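These are my notebook entries on a structure that I went through chain by chain. The entries follow the order in which I looked things up.

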Protein chains: 2
Amino acid sequence: MPRAQREEQILTVAELVFAENGYSATTMEDIAERVGVTKPLIYEYFGSKEGLLSACITRARTQLREATESAWESVGPTASLEEVFRAGIHAFFTFIDGHATAFVLIQQEGAVASQASPLIESIREQQSAATVAAFRAAPSLAGVPETLLEGYAEVVIGACERLAVWRTTRPDVGVEDATDIVVSSVWGGLAALVPSAG
Amino acid sequence: MPRAQREEQILTVAELVFAENGYSATTMEDIAERVGVTKPLIYEYFGSKEGLLSACITRARTQLREATESAWESVGPTASLEEVFRAGIHAFFTFIDGHATAFVLIQQEGAVASQASPLIESIREQQSAATVAAFRAAPSLAGVPETLLEGYAEVVIGACERLAVWRTTRPDVGVEDATDIVVSSVWGGLAALVPSAG
DNA sequence: GCCGGTAACTTACTGATGGTAAGTTGCCTT
DNA sequence: AAGGCAACTTACCATCAGTAAGTTACCGGC
């Protein structure tokens, strides 16, 4: 099997096993066995156990960001800032619903090495940057200082991630409900930034 | 040395070492050596490596919650809901500023066992519960449904934790700035809940 | 249609480390 | 003094991350 394809396969299996058993309880042989190869091949491709986790998280975070960006784009150019805002949040919760293992994995970020693996951190920043870019694209937010915009983006992302965790213990809270909670709690503050409207 | 005292000492060292090197890169002997005891004693007291991490996280989260609650209490009974709200958030960021290792540790939660170890999860819930209780104590929020209140609490906590991470790469953003960002982005939504005012 | 090379993959191993069994020391109570 | 328990150690095992040294099979060039 060609390398690229095998790597994808390993990542998929690893994501599942890491999410099921947790990082430290998972052995490289568990993963190798379920893929149908032997350990050294995985080391050849990913370097180390942490490297494998990093690769899994990077892929999951990239998928998450792409899902969000795609929602922003598909909302149409005539949409109001609030519509764009809501669409992104809705896409976030929808993605989590369909990729539970990926999300469990993202929470295992802390398991990876000390000096916050710069790779992981850069991927994380990409999502903040994308959110900031979405804000900045809105003409109504033109005059708002960059730092404030970044702070708001972090607030929204933090709120979404935490609510996603909360939702795993509250099956009665659907995607729409979660979206409503985020929008209604944070939208007011964001709207207050735009000079003209409220 | 009496057990209770030794346990505190071990927790303090472990918190430091885990925060410095990350969970999987630290060995039990690293910790034992820096404490000045041998491995089996730590196992006697904390059961396992994960047990030790759990104990560290539990202590750190408890301290964090207590700092927040204490701020709520000391704000006085005549304070408005907004003042209470702001005081809690301010206390949060102040605590993080003074306990960097504890906070790095809290982010390592994901490193601990599979299906979110019930112990860790219960500690996490304590903070949400405390925040909800603070909301509920406000007469103006009397009629708001419980689920919504819980959702808002999660939003605020998520926003604060994420901003705290962000702040580690933005030294120019002080405690006051971070507090302002959270209050200004989320307060509007919370205020909208109270029937009479806006 | 053989042949050199490389990509995909394996067997067989090592060292580190999480975890444990079986003590040893010393204080504290009776 | 004796008994017992709490604090702590030495010496060990088993597992698992990581590696060295191959082996197989495909693929391009002559």
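**Entry 1: fold of chain A**

In what order do the elements of chain A run from the N terminus on? I read them as α-α-α-α-α-α-α-α-α. Chain A has nine helices and zero strands; I took helices as DSSP runs of H or I with at least four residues and strands as runs of E with at least two, numbered from the N terminus. Along its principal axes, the C-alpha trace of chain A spans about 60 × 35 × 30 Å.

**Entry 2: conventions**

I note that this is a predicted model, in which local features need pLDDT of at least 70 and side-chain atom pairs count only at pLDDT 80 or more, while totals for chains, interfaces and linings use all residues. Residues are numbered from 1 along each chain as its sequence is written, chains are lettered from A and ligands numbered from 1 in the order in which they are written, and side-chain values use heavy atoms, with hydrogens and water left out.

**Entry 3: relation of the two copies**

**Entry 4: interface of chains A and B**

How many residues does the contact take from chain A and from chain B? I find 38 residues from chain A and 36 residues from chain B, with contact meaning heavy atoms within 4.5 Å. Of the interface residues of chain A, 95% are also interface residues in chain B, so the copies meet through the same surface.

The area buried between chain A and chain B is about 3,300 Å², and carbon and sulfur atoms give 53% of it. Buried area is here the accessible area (1.4 Å probe) that two parts lose on being put together, summed over both.

I then turned to the polar pairs. Across the interface of chain A and chain B, 13 residue pairs are in polar contact, both residues being at pLDDT 80 or more. A polar contact is a pair of N or O atoms within 3.5 Å; within protein, one must be able to donate a hydrogen and the other to accept it, and residues adjacent in sequence count only if both atoms are side-chain atoms.

On the side of chain A that touches chain B, α1, α4 (49-74), α7 (118-137), α8 (146-167) and α9 (175-191) of chain A each supply at least two residues. The largest share of that side, 15 residues, comes from α8(A). Its residues divide into 14 nonpolar, 15 polar and nine charged. I counted Ala, Val, Leu, Ile, Met, Phe, Trp, Tyr, Cys and Pro as nonpolar, Asp, Glu, Lys and Arg as charged, and the others, Gly among them, as polar.

**Entry 5: salt bridges**

The structure holds 30 salt bridges over all chains, each a side-chain nitrogen of Lys or Arg within 4 Å of a carboxyl oxygen of Asp or Glu. The side chains of Glu154(B) and Arg162(A) meet in one of them (2.7 Å, N to O). This pair crosses between chains, from helix α8 (residues 146-167) of chain B to helix α8 of chain A. Arg162(A) also forms a salt bridge with Glu161(B) (3.8 Å, N to O). Between chain A and chain B I count six salt bridges.

**Entry 6: DNA strand D**

A backbone N or O atom of Lys49(A) lies 2.7 Å from one, a backbone N or O atom of Met1(B) lies 3.3 Å from one, and a polar side-chain atom of Tyr43(A) lies 3.4 Å from one. The elements giving two or more residues to this surface are α3 (39-46) of chain A together with α1 (3-21) and α3 (39-46) of chain B.

**Entry 7: DNA strand C**

For DNA strand C I find 17 surrounding residues, the closest being Arg6(A), Thr38(A), Lys39(B), Tyr43(B) and Lys49(B). A polar backbone atom of Arg3(A) is 2.8 Å from a phosphate oxygen of DNA strand C. The residues of the surface near DNA strand C divide into nine nonpolar, four polar and four charged.

Key. Near = heavy atom within 4 Å.
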